[in-house]
Amino acid sequence: MTRKFSPYSLVILSFIVLIFVGTILLTMPFSYTENNEVDFFDALFTATSAVTVTGLVVNDVSSVFTIYGKIILMILIQMGGLGLLTFSSAIILLISKKIGFHTKKIVAEGLNHVAKFDIYSHIKKVVFVVFVIEAVGALFLFGQFITEYDFFTAGFYAVFHSVSAFCNAGFGLLPNNLENYVFNPFVNFVIAFLIIFGGLGFAAIIEIYEFIRGKRRKISINTKFSSLITIILLILGTLLFFVLEYSNEATLANKNIFEKLLISFFHSTSLRTAGFNTIPLAGIGGATVLFCAIFMFIGASPGSTGSGVKTTTIGILFLGIKAALLNREYIEFSKRRISWRALNKASALTIIAMFYILTMIIIMAELEPDKDILKVAFELMSAFGTVGLSMGVTPHLTIASKVIIIFTMFLGRVGPLTIVLALSRDSRKGKYKYPKENILIG
């Protein structure tokens, strides 16, 4: 039956099924607290946000959902971060030790991994890496939470926030997210490094670990490239946030230098993929809103729990521009030649994403005439990058705008190209080629 569907279609279908199941579970009486009944639409919005590891909410998670509802959210985040197909394949491997070639192709697409016969080993490594990093993160966070809560609450909060951070979801169990820990370097750095590892990509983490252990002679070009872009964006984001908000009374003005740098680093880490915040974002300046929107649009690295157009996409575009400006025949990085096909794919993805975002901003500006267009655009970009940072606008949007946000979160998680390829036919070479002509550029 599954052979009738392309891998792209099944990846999309798996997320739809997971969202639907999550929606039903969140509308059950055991999921919400007394006098806080969750209707179908709010459950759909929350489930979509959890499965797409976004973090945008229309209800206060800490007060609306019971412990069972929060556990459901955590499971949805975990399965959404890894992908339902990866989970199911891991279970199949545990039971039967074997999966078919067609399933390999589907899982490989879900993980953005080359569909080679090492997919068995890759699935095992991915699942192992995810749970080990999340367990270590939870252990560190437990050390902080146990000083504030009872043993059970501290344990659950530690596990939930570790899963949410590594999966780049940004869901928190405190009413003001992580604002209580704005000056706590320990919590800031633990959450930040979980976000960085989750956004770096499963394959990259495995490669770096094997290289350090001496099991791998060298790191692949893809991992080098994505890691370099990630580091550049982290440094650039920290500096921009620090400079632009330095004198802003609503954010950094009254802090010392260390506190300003800590806040800037944390939000540089969080704003591309995760959605945690340690200061209220409603007061950030217009220039900061724009730079944050750009960073959210870029997002995480391929094969990670994050979304956006991806770090490597933007990196390839810059390399292509550099090659064009220097009149070079090839795109090059680290003494390797990058195919022009990669640039074409990066250009197509970026243009499709930009066209979609601009179209939705225009529509939402018409639907929300009483709201600041910058804040509306911020929420939409946060949804597309499945970031989850909010300027407080999302709960007050119209139903039509919330539907746009729901679809945008879904689009951002599965990827615009995945949907295009799922709807397109197989490529076929024609029997002839048309004559070549030039079109003037610039």
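I'll start with a pocket: the lining of the second largest pocket has 14 nonpolar, 14 polar and two charged residues. Here Ala, Val, Leu, Ile, Met, Phe, Trp, Tyr, Cys and Pro count as nonpolar, Asp, Glu, Lys and Arg as charged, and the others, Gly among them, as polar.

This is a predicted model, where local features need pLDDT of at least 70, side-chain atom pairs count only at pLDDT 80 or more, and totals for chains, interfaces and linings use all residues. Residues are numbered from 1 along each chain as its sequence is written, and side-chain values use heavy atoms, with hydrogens and water left out.

Back to the pocket. A pocket is an open set of points on a 1 Å grid over the protein atoms alone, where a 1.4 Å probe fits, with protein on both sides within 12 Å along at least five of seven lines; lining residues have an atom within 4 Å of a point. Of the 30 lining residues, Val57, Pro175, Asn177, Asn277 and Ser390 lie nearest the centre of the second largest pocket.

Next, helix 17, residues 399-414. Helices are DSSP runs (H or I, at least four residues), numbered from the N terminus. Just after helix 17, glycine 415 has a positive phi of about 95°.

Last, the cysteines. Cysteine 167 counts as buried because its relative accessibility is 1%, and cysteine 292 is buried too, at 3%. The structure holds zero disulfides, a disulfide being a pair of cysteine sulfur atoms within 2.5 Å.

Methods. Helix = DSSP H or I, 4+ residues; strand = E, 2+ residues; numbered from the N terminus. Expected span 1.5 Å × (residues − 1). Buried < 20%, exposed > 50% of the residue type's maximum accessible area, 1.4 Å probe, protein only.
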